[in-house]
Amino acid sequence: MGDAIDLTGDGGVMKKIVQRSKPDALGPSESLPLVDVHYEGTLADTGEVFDTTREDNTIFSFEIGTGSVIKAWDVALRTMKVGEVAVITCKPEYAYGSAGSPPDIPPEATLVFEVELVACRPRKGSSISSVSDERARLEELKKQREIAAAAKEEEKKKREEAKAAAAARIQAKLEAKKGKGKGKAK
């Protein structure tokens, strides 16, 4: 969708937006530091998937800025909004560095993550209204996904119907040509 953005100034964390969020979507903040994401991580060198939440449709949750995830995620997720999907490329110094994360991630590995920011939430004990607002936002996001999926399915159905109609026209022309040739020979 867009060009890659250098989030660190040294090429260590690059972000390319795949799907933009709604203009009024929220992003992580001091009042909403907990994030829920879907992701798939691959090794840049081989394209091999080493971790994903997509297979079992789980959500990964963490708090921004606490060091509970690799540096690249703390950097990149701060720039995202709910509903946004981005490809994040992480150089080793912003990922697992010289140690790697055996057995799946070798030392000095550049990682590529496709990340979807599903929600931002307050810490436990924070205002209930912001939690209910976030739930409403999640419901809206779910509806948008369902509408988009239905629209894709409808487009697919229309393409298939158009192909079938074209095939029927071609078949009718072929049948008409066959019919013209009969009975004329003497």
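**View 1. The side chain of Asp36 is buried in the model, with a relative accessible area of 10% (buried means under 20%, exposed over 50% and partly exposed in between, for a 1.4 Å probe and protein chains only).** The model is predicted, so that local features need pLDDT of at least 70 and side-chain atom pairs count only at pLDDT 80 or more, while totals for chains, interfaces and linings use all residues. Residues are numbered from 1 along each chain as its sequence is written, and side-chain values use heavy atoms, with hydrogens and water left out. Asp36 forms a salt bridge with Arg121, their closest N and O atoms being 2.9 Å apart (a side-chain nitrogen of Lys or Arg within 4 Å of a carboxyl oxygen of Asp or Glu). Because Asp36 belongs to strand 3 and Arg121 to strand 7, this pair ties together parts that are 85 residues apart in sequence (strands, E, of at least two residues and helices, H or I, of at least four are DSSP runs numbered from the N terminus). In contrast to the buried Asp36, Arg121 is partly exposed, at a relative accessible area of 28%.

**View 2. Strand 3, residues 34-43, is mostly covered, with nine of its 10 residues buried.** Strand 3 is joined by 10 bridges to strand 7 (residues 111-121), and the two run antiparallel (strands pair if DSSP finds at least two bridges between them); here His38 has Glu116 of strand 7 as its bridge partner. Strand 3 also pairs with strand 5 (residues 60-63) in the antiparallel sense over four bridges, and Val37 stands opposite Phe60 of strand 5.

**View 3. Strand 3 and strand 4 form a hairpin with five residues between them.** Three bridges pair strand 3 with strand 4 (residues 49-52) in the antiparallel sense, with Gly41 standing opposite Asp51 of strand 4. Within the turn of the hairpin, Gly47 has a positive phi of about 80 degrees.

**View 4. Trp73 and Phe113 make up one of the eight aromatic pairs that a search of the whole structure finds (rings of Phe, Tyr and Trp, the last by its six-membered ring, with centres within 6.5 Å; planes under 30 degrees apart count as stacked, over 60 as edge-to-face and the rest as tilted).** The ring centres of Trp73 and Phe113 lie 5.1 Å apart and their planes meet at 80 degrees, so the pair is edge-to-face. Since Trp73 lies in helix 1 (residues 71-77) and Phe113 in strand 7, the pair ties together parts that are 40 residues apart in sequence. Trp73 counts as buried at 5% relative accessibility, and Phe113 is likewise buried, with a relative accessible area of 4%. Trp73 and Phe113 belong to one aromatic cluster, formed with Tyr39, Phe50, Phe60 and Phe62.

**View 5. Lys15 and Glu84 meet through their side chains in a salt bridge, at 2.9 Å from N to O.** Lys15 lies in strand 2 (residues 13-19) and Glu84 in the loop between helix 1 and strand 6 (85-90), so the pair ties together parts that are 69 residues apart in sequence. Both Lys15 and Glu84 are buried.

**View 6. Glu114 forms a salt bridge with Arg54, the closest N and O atoms being 3.3 Å apart.** This pair links distant parts of the chain, as Glu114 is in strand 7 and Arg54 in the loop between strand 4 and strand 5, 60 residues apart. Glu114 is partly exposed, with a relative accessible area of 31%, and Arg54 counts as partly exposed at 31% relative accessibility. The search of the whole structure finds four salt bridges.
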